[in-house]
Amino acid sequence: MGFMKKRFEQWAGMLSTAYPTASSPYWRSLPVRRMKSLLAGVFVSASVTGFALDLLQLPLPPLVGGFFWPVLLGGSAMGILLTRVRKIPILLIFIVVIAWLVGALSGLGWYGEGWLTYPISLMVAPSPIPQPMRVRILFDAIGIWLGVTLGFRLLLSFVTTEGLAAVRMQTELSLALGIQATLVPTISLQTPGFEIYGKSVPSTEMGGDLIDVIESDGGLLVYVADISGHGLAAGQLMGMLKAALRTSLQYNREPAALLESVDRVLPAVKEPGMYATIALLSFDGSADCEYALAGHVPILHYRHDSRNTARLSMEQFPLGLIPGGRYGSQRISCSPNDLFLLLTDGITEVVNARDEEFGLSRIEALLIQRAERPLAEIWESVMAEVKQHGAQEDDQSLLLVRVRDVS
């Protein structure tokens with residue numbers, strides 16, 4: 001019994017909240033001109049009951065008179081709706097509708113008794129309909145009225161609940177696409193010392209990968225980051241990480257100091273359990289470059305002189321995971337035409353039908369084969385191989401940096 005009572009209360013609550021009311025801020029603020037479709041729907045739904053009631057009127061009046069009850073009930077339903085959301089006097093609407101309809105019919109000679117006596121005459125005049133048939137028609141009319149009313153409220157309840165969910169989802173989708181396009185655009189940059197190309201392919205509308213290039217005081221900083229999770233929360237953390245790195249770069253040039261600075265900022269602005277992995281390269285105009293990684297996939301360094309690759313890796317905690325962590329960096333030499341490849345694990349962890357990951361080895365082989373090709377072509381080649389290997393299940397980001405000149 002308790003379960004049935006609870007279910008009944010839920011249904012009653014749903015039906016009571018389905019109909020528009022002035023207690024809702026949305027309905028209070030919605031202009032009447034934007035309610036035209038709803039008012040028309042209410043009018044038509046209620047008019048069905050009027051047509052059912054018209055069946056009771058025998059002998060039947062002229063055909064035009066059959067619109068009396070539909071218009072009366074439809075107009076009344078519209079008036080009730082407007083009263084609930086705008087506090088418009090319902091009695092006035094009743095009088096206007098009745099006066100207009102019956103007065104018009106009387107003026108045409110269809111009803112000589114006048115607009116005040118017509119509804120009463122319809123209800124009290126003797127009827128030639130046998131009593132059992134009259135009861136059955138009345139039963140059907142009431143059933144039509146109840147069915148239309150309940151059906152309308154259920155449909156309105158579905159539209160309001162699912163409509164709000166759809167609007168919320170579309171709003172989040174639009175925000176996500178905007179954030180993604182702003183924070184992670186395609187990178188295509190050429191400077192006297194470097195050629196850079198990168199692109200991120202999110203697995204959903206709002207991914208968690210971030211690629212960025214920052215030029216500052218003759219130096220160059222490039223990085224790829226992977227934010228845990230997806231959606232707006234990941235997008236917000238992406239924006240915070242990007243802003244924190246660019247701000248910290250104004251005061252700290254060393255990669256290790258940058259990571260430590262960001263690691264101190266993120267815990268205060270992120271949701272619990274979220275973190276970011278990162279692979280970072282810094283060029284200061286010398287023959288060396290400095291790199292640092294925090295829980296990220298190794299950087300691949302193609303060395304033009306020896307025609308081979310090296311994996312640049314470091315075992316350090318992701319940013320924001322354990323506040324107050326210490327980070328380090330290392331320096332390596334680089335030569336003209338050297339190529340650096342930074343990526344996220346959404347590429348390396350793609351699996352095929354045999355549950356084999358794509359891995360770094362395949363990427364190293366592709367890098368050696370195509371190292372002399374334009375960077376955009378290398379990017380396309382790698383991603384084509386990844387796509388052929390297996391379906392994308394995570395965000396996939398790839399950033400390429402070619403050294404043109406070493407001062």
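Guide: In this predicted model, Leu281 stands opposite Tyr291, a residue of E6. The pair belongs to a stretch in which strand E5 (residues 276-283) and strand E6 (residues 288-294) run antiparallel and are joined by 6 bridges. Helix H8 (residues 231-248) packs on the sheet that holds them, where it touches E3, strand E4 (219-227) and E5, and its direction makes about 20 degrees with that of E3. Helix H9 (residues 255-265) packs on that sheet as well, touching E4, E5 and E6, with a direction at about 150 degrees to that of E5.

Seen as a whole, this sheet is open and has 5 strands, which follow one another in the order E3-E4-E5-E6-E9 with antiparallel pairing. Strand E3 (209-216) and E9 stand at its edges with a single partner strand each, so one side of each is left without a neighbour in the sheet. From one strand to the next, the twist averages 20 degrees.

From here we can turn to another sheet, an open one of 6 strands in the order E1-E2-E11-E10-E7-E8, where the pairing is again antiparallel. Its edges are strand E1 (187-190) and strand E8 (308-312), each of which pairs on one side only, and its twist averages 15 degrees from one strand to the next.

Where do the side chains of E10 point? In a regular strand, side chains alternate between the two faces of the sheet. In E10, Leu339, Leu341 and Leu343 point one way, Phe340 and Leu342 point the other way, and all of them are buried. E10 is thus a mostly covered strand, with 5 of its 5 residues buried.

Helix H12 (residues 375-389) lies across E2, E10 and E11, and runs at about 150 degrees to E11. The 12 residues of H11 reach 18 Å from the first C-alpha to the last, close to the 16 Å expected at 1.5 Å a residue. Gly359, Leu360, Ile363, Glu364, Leu366 and Leu367 are the buried residues of H11, and they pack against E7, E8, E10, E11, H12 and helix H10 (345-348).

H11 and H12 also pack on each other, at an angle of about 145 degrees and with their axes 10 Å apart, and H11 passes H12 in a right-handed crossing. H11 brings Arg362, Leu366, Leu367 and Arg370 to this contact, and H12 brings Ile378, Ser381, Val382, Glu385 and His389. By kind, the residues of the contact divide into 4 nonpolar, 2 polar and 3 charged.

The loop between E7 and E8 holds His304, which counts as buried because its relative accessibility is 15%. Leaving aside neighbours within four places in sequence, His304 is in contact with Pro336, Asn337, Asp338 and Glu372. Arg307 lies in the loop between E7 and E8 as well, and its phi is positive, about 55 degrees, although it is not a glycine. With a relative accessibility of 44%, Arg307 counts as partly exposed. Asn337, one of the contacts of His304, is found in the loop between strand E9 (330-333) and E10. Its phi is near 75 degrees, a positive value in a residue other than glycine, and at 35% relative accessibility Asn337 counts as partly exposed.

Definitions and conventions. Residues numbered from 1 in each chain as written. Predicted model: local features only at pLDDT ≥ 70, side-chain atom pairs only at ≥ 80, totals over all residues. Heavy atoms only, no water. Pairing = 2+ DSSP bridges. Helix = DSSP H or I, 4+ residues; strand = E, 2+ residues; numbered from the N terminus. Axes fitted to C-alpha atoms, helices over the stretch in contact; angles between N-to-C directions. Contact = heavy atoms within 4.5 Å. Left-handed = near helix turned anticlockwise from the far one by under 90°. Nonpolar A, V, L, I, M, F, W, Y, C, P; charged D, E, K, R; others polar. Expected span 1.5 Å × (residues − 1). Buried < 20%, exposed > 50% of the residue type's maximum accessible area, 1.4 Å probe, protein only.
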